[in-house]
Amino acid sequence: MAAHTQKNNKPGKPGGKEAQPLIIAKTPAEEQRLKLERLMRNPEKPAPIPDRPKEWNPRAPPEFVRDVMGSSAGAGSGEFHVYRHLRRREYQRQDFLDKIADKQDEDQDYLDKVEQNKQAAEDRTAKRKKKREKLKQKKLMAKKTKLESKKKTEDDESSDSSEEDKEEEEEREADDDAEAPSFIMGRK
């Protein structure tokens, strides 16, 4: 009998593999830690992921209202509560419709802003491309004039060394043609 009491003197589930002491979380962090520990005891078991709650939608207004309340005499004291409930529900419906309209306007404004940013980026890219092309043409013209002037001076001196210079110049020109990006994305 004494062995039995020693075995089961821990609080929590009695006996078995999963005999864990009962721990009460005192803080939200401790509660989260306990939940994670429980999940990590069996990593193969899928974790429960709750579905997203559906967005609240008001009830549609009635197609035909049969008992229209007026301000005439003879309305009972209970009619005020019915009127107040209907009024509150209609105000909720109108607020919901206003919120949806505002959200749609914000979404449309965002899409317009994205389109404007895209167009501005394309314009900047085109402008920079044009500038690069212009600079490239300018460099090519400068090289041509330089080569022509060298050619004239070398023709006077000797024709043998000019062939070696041409090869070296073509290699330099091939290296110069390889473009490195001249701009950083996201800056003006």
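Which residues is Glu30 in contact with, leaving aside its neighbours within four places in sequence? They are Ile23, Ile24 and Ala25, where contact means heavy atoms within 4.5 Å. This is a predicted model, in which local features need pLDDT of at least 70 and side-chain atom pairs count only at pLDDT 80 or more, while totals for chains, interfaces and linings use all residues. Residues are numbered from 1 along each chain as its sequence is written, and side-chain values use heavy atoms, with hydrogens and water left out.

**Overall make-up**

- The chain contains four helices and zero strands, and its elements run α-α-α-α from the N terminus on; helices (H or I, at least four residues) and strands (E, at least two) are DSSP runs, numbered from the N terminus.
- Of the 188 residues of the chain, 4% count as buried, a class that means under 20% relative accessible area, with exposed set at over 50% and partly exposed in between (1.4 Å probe, protein chains only).
- Among the contacts in the chain with a separation of 6 or more, 42% are accounted for by residues 24 or more positions apart.

**Helix H2 (28-40)**

- Glu30 lies in helix H2 and is partly exposed, with a relative accessible area of 22%.
- Lys35 and Glu31 both belong to helix H2, four residues apart, which is about one turn of the helix, and they form a salt bridge whose closest N and O atoms are 3.7 Å apart; a salt bridge is a side-chain nitrogen of Lys or Arg within 4 Å of a carboxyl oxygen of Asp or Glu.
- Leu36, which is found in helix H2, is partly exposed with a relative accessible area of 46%, and together with Leu39 and Met40 it forms a nonpolar patch on the surface, with about 300 Å² of accessible area together.
- Patches are made of residues with over 30% relative accessible area and no salt bridge, like charges being joined within 9 Å and nonpolar side chains (Val, Leu, Ile, Met, Phe, Trp, Tyr) within 5 Å.

**Helix H3 (79-157)**

- Helix H3 has 79 residues and reaches 116 Å from its first C-alpha to its last, close to the 117 Å expected at 1.5 Å a residue; the expected span is 1.5 Å times one less than the number of residues.
- The buried residues of H3 are Arg93, Phe96, Lys143 and Glu154.
- Arg93 lies in helix H3 and counts as buried at 18% relative accessibility, and it touches Pro58, Arg59 and Pro61, not counting residues up to four places away in sequence.

**Salt bridges in helix H3**

- The structure holds four salt bridges, including one between Glu90 and Arg93, with the closest N and O atoms 2.8 Å apart.
- Glu90 and Arg93 are three residues apart in helix H3 and so are separated by about one helical turn; Glu90 is partly exposed, with a relative accessible area of 27%, whereas Arg93 is buried.
- Lys103 and Asp107 also meet through their side chains in a salt bridge (3.9 Å, N to O), and because they are four residues apart in helix H3, about one helical turn separates them.
- Lys103 is exposed, with a relative accessible area of 52%, while Asp107 counts as partly exposed at 40% relative accessibility.
- An α-helix has 3.6 residues a turn, so residues three or four places apart point the same way.

**The aromatic pair**

- The structure holds one aromatic pair, a term for rings of Phe, Tyr and Trp (its six-membered ring) whose centres lie within 6.5 Å, with planes under 30 degrees apart counted as stacked, over 60 as edge-to-face and the rest as tilted.
- The ring centres of Trp56 and Phe96 are 5.8 Å apart and their planes stand at 90 degrees, so the pair is edge-to-face.
- Trp56 lies in the loop between helix H2 and helix H3, and Phe96 in helix H3, so the pair ties together parts that are 40 residues apart in sequence.
- Trp56 is partly exposed, with a relative accessible area of 48%, whereas Phe96 counts as buried at 12% relative accessibility.

Key. Areas by Shrake-Rupley, 256 points an atom, 1.4 Å probe, with all protein chains shown as cover.
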